[in-house]
Amino acid sequence: MTRPAQQSEELATLRQLLRTRPPMDRKLPAFDPGAAPADPATLHVSWLLEAMTAELPDAQVVTVSTSDGDGHPDARVLVLRDIDPATGSWSFAADLRSPKGEQLAVTPWAALTSYWPAFGRQIRVRGPVEAIDQQDAPPAERGVGPAGHTAAVVGRQSQRLGSAGELESAWQLAAAEVAADPAGPVPGLTRYVLRAEAVEFWQGDSGRRHIRLAYQRTALGWERGLLWP
C-alpha cells in the first residue's frame, strides 16, 4: 500500500514532469498536405504502411470510441482489420455481446484514432458503423488465430471475474474445444465496417505548428482543407 508521504512525493514528481517534459521533442517526418491524395483512405494506407515498414510497435491498432444510449462515451484499443479506398471504409472486429457491441447496436456510430509517437502522427476517422455477420466464415478467413478463437469461446468479455483460476479453467475447456474443431464457429465475433464521414491527418511539430489536413465526405466525393493547429 502506498503511504501518504510517498504518494505526495510521486504526485509532485509527476506534476513536475508534466510541466517540464515537452511532447514530440525529437526529429519528426515531413508531411506535405498539398501532395496528399484525393481520398483519405489512400493516405491512411500510405501512412500505415510507412509505420509498419518502420516496425513501429502495434502500428495497426486503433482506439475505437463509441457511446451508449445515454450518450456516455467509451473507448478501447482494437486491431484495424482493413481499409477500403473504393468505399472509404475502415473495418475492425469485435464481440457482438461485448459492451462495444451493445453500444454499437444502440448507437451505430464510432470514431477511430491512431497515434504513432515515434512519427508524431495521428489519424482520426468517424462515421456510421454497420455490423456484418461472419458466423459462417472459417476462423482463418476472418484473421482469427487459435488464441482469439479460444477467447471467443470463453466469452463473457468485460464481465466481473471471480479469480484468475476461474479464467484458467474456462480457458482450458475452450482451448480443448477449439483444438477438436479448429474450423468451428467463433461465437459473437462480428466484423464492423465504418463508412467515414470525416477523416483528419495530424502531423505533429515540436514547435506546436502542427499540420492538420481534414477530409469531409460530400455528395460529390471528398472535400479537403487545412485546419488551424
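A: Here is a walk through the salt bridges, pair by pair. First, the ground rules: this is a predicted model, where local features need pLDDT of at least 70, side-chain atom pairs count only at pLDDT 80 or more, and totals for chains, interfaces and linings use all residues. Residues are numbered from 1 along each chain as its sequence is written, and side-chain values use heavy atoms, with hydrogens and water left out.

Taking a salt bridge as a side-chain nitrogen of Lys or Arg within 4 Å of a carboxyl oxygen of Asp or Glu, you get six of them. One pairs Asp-74 with Arg-76, their closest N and O atoms sitting 3.3 Å apart. For burial, under 20% relative accessible area is buried, over 50% is exposed, and in between is partly exposed (1.4 Å probe, protein chains only). Asp-74 is partly exposed because its relative accessible area is 30%, while Arg-76, at 16%, counts as buried.

Next up, Arg-97 meets Asp-95 at 2.8 Å, N to O. Arg-97 has a relative accessible area of 42%, so it is partly exposed, whereas Asp-95 is buried at 9%.

Then there's Arg-212 with Glu-200, whose closest N and O atoms are 2.7 Å apart. This pair links distant parts of the chain, 12 residues apart: Arg-212 is in strand β8 (residues 211–218) and Glu-200 in strand β7 (residues 198–203). Strands here are DSSP runs of E, at least two residues, numbered from the N terminus. Arg-212 and Glu-200 are both buried. Through shared partners, salt bridges also tie Arg-124, Glu-200 and Arg-212 into one network.

Technical notes:
Helix = DSSP H or I, 4+ residues; strand = E, 2+ residues; numbered from the N terminus.
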